[in-house]
Amino acid sequence: MKQSAHLLCINPKCGQIYPIVSRQIKCEKCGHLLDVEYKEKPPTKLKEIFYQRRSRDSIYNESGVWRFRELLNFAEIETEELDQCSKFLVSLDGAEGRQSKPYHMSKVSNFVGIGNNNLMLQPEGYNPSGSFKDNGMASAVTHAKMTGAKKIICASTGNTSASAGMFAANENMECDVYIPDGQIAPGKLSQAYQFGTQMIKVNGNFDDAFTKSLDAANEEGSYTVNSVNPFRIEGQKTIPFRALEFLEWEVPDWIVYPGGALGNTSSCGKSLIELYNWGWIKKIPKIAVINAEGANTLHNLYNGEFENEELRWNGGSPNLELVDRYYDYMNKNNLGPKTKATAIQIGKPANIAKGLRALEFTNGCVIQVSDKEMLDGMSVVGLNGFDCEMASGATVAGIKKLVDDEIIKNDDIVVGILTGRQKEPLLPIDYHNDPANKFAKPPRI
Ligand SMILES: *Cc1c(COP(=O)(O)O)cnc(C)c1O
Ligand SMILES: [Zn+2]
């Protein structure tokens, strides 16, 4: 099936469009981010085809991203022609998204207080580079190649660089990574080095590194792969697709994510908007975004903790001046983001507008959890034989808090996304060596 697509400004009052091969990240008219928009509606009979593709006769059917290629066909290819797939679609031998699906984890269910049948967790850490980023990187690097880029560029809290480096190595492209000096988990940094990326150390935090990387990506032949890139968002739509497929397209009550730059939240929102408009789903799950207490910009703005105003998408006119004033206030008072969960240590979520849109469409909510709660969440996942990193522990901690507060009801169906694998060996070691921790099993002498 061939689709035609273009880029569209997310501001409904603007409507600016760009051709699909454009490298434009922001609308030149109004400054908002862009969406990939598809002109036709994919037929629901594809549900059956997606399921059958798992028989693994080609890497594009094996891939957990490209198996759903009709729903993200920005490359405008004949999706049934495998030679066209191999000419355009970037894949790490079908490994992106291949292992990820929802699992029941009884100890997590006990901990959060929902029946085991009603809670599922989807470990996106079981992607080839160890985080959900591979879903969106496969699609972003596909688009980078469509534009003739030779070099991909990103700023990273760690996992983005590992994923970008992996795909760049596989595609013989260059990869420059802007990192906040001294703030990246060595386990992630070492991956990026190993994949041959060029590190550029920035004196500052992630938000500073990100600004520098965007400037660098303006150069001819360079291409930014951070989640402000609308094509990252397209690949990450397959995270909810896989969850929904597992549930036979019966919609859960909640989908829960940790919130950093809000690319994941945005892509989940976009996927649900599309599926709903296309008639693929009849009900809309609520999205819950879980911030770290030390990096809680969205939480503060969404819940009216700043200037008593609850920031909303507001039909496409969010009060972005309020956001700017909040950032000024952060800068003036030196309130940089601070949490041990480095993957979500982000003070200025670049996708905030798209994130708000997702929250409005799904009638979602935003809460915050402490570092200690995230570590408990991370640890109880381990006791089920899965591992995840601290930022993913926010999902478990957040579900627990929402159940405790009776926002999630006992009989609700909940899918929580575990965004990445454990890459910081000292965290579990330190956790278990301190008997004061809830799930600690200290060593015996
Ligand atoms: C990138 C990342 C996040 C944050 O995701 P956003 O889409 O930026 O909100 C959370 N967890 C892990 C493990 C990550 O790598
Ligand atoms: Zn615009």
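Trainee: Which atoms coordinate the zinc ion (ligand 2)?
Mentor: This is a predicted model, where local features need pLDDT of at least 70, side-chain atom pairs need 80 or more, and totals for chains, interfaces and linings use all residues. Residues count from 1 along each chain as written, chains are lettered from A and ligands numbered from 1 in written order, and side-chain values use heavy atoms, leaving out hydrogens and water. Donors are N, O and S atoms within 2.8 Å of the metal (3.2 Å for Na, K and Ca), and sites may look incomplete as water is not among the atoms. At 2.3 to 2.4 Å, the zinc ion's donors are the SG atoms of Cys9, Cys14, Cys27 and Cys30.

Trainee: What arrangement do the 4 donor atoms make around the zinc ion (ligand 2)?
Mentor: Four donors count as tetrahedral if all angles lie between 85 and 135 degrees. Here the angles run from 93 to 118°, so the arrangement is tetrahedral.

Trainee: How is the chain divided into domains?
Mentor: The bounds come from an automatic or database domain assignment. They give domain 1 (1-38) and domain 2 (106-129 + 232-432).

Trainee: How much area do domain 1 and domain 2 bury between them?
Mentor: Buried area is the accessible area (1.4 Å probe) that two parts lose on being put together, summed over both. Carbon and sulfur atoms hold 53% of it, and the total is about 920 Å². Of domain 1's share against domain 2, 42% comes from Ile10, Leu33 and Tyr38.

Trainee: How many salt bridges are there between domain 1 and domain 2?
Mentor: A salt bridge puts a side-chain nitrogen of Lys or Arg within 4 Å of a carboxyl oxygen of Asp or Glu. Arginine 357 and aspartate 35 meet in one at 2.6 Å, N to O. Between the two domains, the count is 2.

Terms used
Four donors count as tetrahedral if all angles lie between 85 and 135 degrees; four count as square planar and six as octahedral if opposite donors are over 155 degrees apart and all others between 65 and 115; anything else is irregular.
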